[in-house]
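Hello,

Here is the structure I promised to pass on. My notes on the strands follow below.

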Amino acid sequence: MLAISAKRRAKVRTRHPFAGKLICGDCGSFYGHKVWRLRSTGEHYNVWYCNHKYDGDKTCDSPRLRDEEVKAAFEKMLQKCDDPNPVYTDERWNELVESVKVCRGGHLIFTLTEGRVVKVTL
């Protein structure tokens, strides 16, 4: 599984820490990064959703996530693992997270580089 995962991530073109690690719980595709803007305020924010969410007839019902939600879920995962310093940093993310399966209902299933699997609910 690790070899397949590494092969998939080799195709990822961005350097964002979440790229190639967020995986759709419905169809198994990667999540992609988009920048959205609120019309009312002009505020920009980062959003992640399945790359097949809006594909033709077969749309995917997986949830969209903001960067802040992924970071908060990571910190919850660290708390579940009894980490003494449950704070998100890009370095810790890259060091600890192999992949994250994003499922309906706000469930994220972290597969850690050490092989452990931890489920978190937003």
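Which residue takes a positive phi in the hairpin of β5 and β6? Gly105 does, with a phi near 80°, and three residues lie between the strands. Bear in mind that this is a predicted model.

Pairing of β5, β6 and β7:
Strand β5 (residues 97-103) runs antiparallel to β6, joined by six bridges. Ser99 stands opposite Thr111 in β6. On to the next pair. Strand β6 (residues 107-112) also pairs with β7, in the antiparallel sense, over five bridges. These two strands form a hairpin with four residues between them. Gly115 sits in that turn and has a positive phi of about 100°.

Faces of β6 and β7:
The covered face of β6 carries Leu108, Phe110 and Leu112. His107, Ile109 and Thr111 make up the uncovered face. Side chains also alternate along β7 (residues 117-121). Val118 and Val120 point to one face and are buried.

The open sheet:
Three strands form an open sheet, ordered β2-β3-β4, with antiparallel pairing. Its edges are β2 (31-37) and β4 (65-66), each pairing on one side only. Seven bridges join β2 to β3 (residues 44-50). Lys34 has Val47 in β3 as its bridge partner.

Best wishes

Technical notes: Residues are numbered from 1 along each chain as its sequence is written. This is a predicted model: local features need pLDDT of at least 70, side-chain atom pairs count only at pLDDT 80 or more; totals for chains, interfaces and linings use all residues. Side-chain values use heavy atoms; hydrogens and water are left out. Buried means under 20% relative accessible area, exposed over 50%, partly exposed in between (1.4 Å probe, protein chains only). Two strands pair if DSSP finds at least two bridges between them.
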